[in-house]
Amino acid sequence: MDKQKLIEAQKWIKKELDVCADFWLKNGMDRENGGVYTCLDRKGEVYSTDKSVWMQGRCAWTFAHLCRLYGKRDEWMEASKSCLDFMEKHCINPDADGRMYFTVTAEGKPLRQRRYCFSEGFYAIANAEYYGLTEEKVYIDRARKAYELIYKLNNGLIADPTGLGPKTIPETRTGRALADPMIFLNIISVLRRVDPEHREEYDKRSAECTEAIFKYHYHPELKCTLESVALDGTPELWYTAGRVVNPGHDIECSWFLMEEANYRKDEEIHKTAEQIFRNAIEAGWDNTYGGLLYFIDCLGKPTEAYEHDMKLWWPHDEIMIASLMAYRDTGDEYYADWFFKTLDYCKEHFADPEYGEWYGYLRRDGLPTEPSTKGSTFKGPFHLPRMLSMTDKMLDEILSK
């Protein structure tokens with residue numbers, strides 16, 4: 001690999017990270033009520049004051065994560081704590097034993113509760129990351145309480161305290177979702193780093209996550225990793241949801257697994273993670289217009305999701321993390337090629353030199369949807385700053401060899 005090409009990529013990444021962090025600090029932070037607004041238009045103006053709870057956790061984690069990598073800065077610490085305090089005061093449902101809301105008003109009044117526990121997951125890593133900076137025990141206690149709740153819910157050890165029940169009638173159809181073990185694996189990686197006292201437990205549960213992904217969701221005979229499968233892992237290919245592949249999700253999962261492989265010094269896990277990446281990028285890349293398709297069908301049949309051929313920011317962030325991690329770990333130029341191919345696509349289509357940050361949602365041809373947005377209920381300061389900071393640090397490692 002041309003060293004100068006890596007150096008130029010890192011310069012651009014560093015600049016984008018500064019712009020991204022400043023965009024959210026300037027435009028997103030709610031100085032009156034606390035927390036962060038994430039529904040921002042292209043210029044950074046708020047177009048909805050309703051707040052996504054999982055974005056409060058993501059924002060809190062992001063700014064604590066930046067402090068860990070680059071040193072504590074007052075504005076980053078304040079942003080992280082503002083979101084943590086907002087969640088603690090407003091976002092936990094008092095009638096649901098630790099379950100959190102999905103959206104709240106600007107002031108923190110509850111709006112919506114959902115079945116899945118991603119709000120709790122990001123709350124957990126946010127508190128854990130902040131604990132790693134402050135060593136204030138209250139934060140790791142909060143993190144572990146949420147982590148235990150998620151573990152029990154994922155493994156059917158307790159009934160959902162919200163009382164919402166499953167989406168489908170269990171007597172007719174039930175199964176497994178890839179999101180459960182993969183997200184929990186990432187949660188464990190954060191808690192294990194800051195909380196070595198419980199490392200043995202974290203190691204046991206991370207092994208359970210890895211086994212579940214490989215045993216149930218990864219299907220080499222189909223050259224894909226399926227989002228939804230039967231309880232025994234059998235692909236259910238006679239209806240659309242059973243054939244769905246989210247290439248970006250698979251690629252994100254691949255680098256979670258690579259990190260676990262590196263922690264455990266397990267070459268076989270790493271090789272399987274690499275194959276998950278290869279399957280997803282080769283099936284999901286749009287050879288007509290470039291970029292990664294949002295959903296595909298594992299048998300090449302139609303998908304039901306109307307946004308299936310859109311290009312979203314976050315899968316491209318995950319490509320850049322996973323490809324650079326695989327290149328760093330293996331030296332295989334295949335991964336470097338995907339890193340630069342994706343970087344070029346993102347520079348051309350997602351980045352906004354005029355107002356900063358990245359467009360979130362593109363049409364298949366690569367043009368932003370109109371009116372374009374920089375944030376939403378589902379897009380905030382997380383995937384992009386995580387990618388930019390992680391690739392910056394990995395490039396340091398690669399260039400120092």
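**Charged residues and helices in the predicted model**

Glu75 lies in helix α3, helices being DSSP runs of H or I of at least four residues, numbered from the N terminus. The model is predicted, so local features need pLDDT of at least 70 and side-chain atom pairs pLDDT 80 or more, whereas totals for chains, interfaces and linings use all residues. Residues are numbered from 1 along each chain as its sequence is written, and side-chain values use heavy atoms, without hydrogens and water.

With a relative accessibility of 38%, Glu75 counts as partly exposed (buried, under 20% relative accessible area; exposed, over 50%; partly exposed, in between; 1.4 Å probe, protein chains only). Asp18, Asp22, Asp74, Glu75 and Glu78 form a negative surface patch, patches being made of residues with over 30% relative accessible area and no salt bridge, with like charges joined within 9 Å. Helix α3 (74–90) gives the most to this patch, three residues.

The structure holds 33 salt bridges (a side-chain nitrogen of Lys or Arg within 4 Å of a carboxyl oxygen of Asp or Glu). In α3, Asp85 pairs with Lys81, the closest N and O atoms being 2.8 Å apart; these residues are four apart, about one turn of the helix. Asp85 is partly exposed at 34%, as is Lys81 at 31%.

Glu148 and Arg144 form a salt bridge at 3.6 Å, N to O, and both are buried. Both also belong to a salt-bridge network with Asp195, Glu201 and Arg205. A further salt bridge joins Asp203 to Arg192 (2.9 Å, N to O). Asp203 lies in α7 and Arg192 in α6, so the pair ties together parts eleven residues apart in sequence.

Methods: Patch = residues over 30% accessible without salt bridge, like charges linked within 9 Å, V, L, I, M, F, W, Y side chains within 5 Å. Areas by Shrake-Rupley, 256 points an atom, 1.4 Å probe, with all protein chains shown as cover. Lys, Arg positive; Asp, Glu negative; His and termini not counted. Charge placed at Lys NZ, Arg CZ, Asp CG, Glu CD. Helix = DSSP H or I, 4+ residues; strand = E, 2+ residues; numbered from the N terminus.
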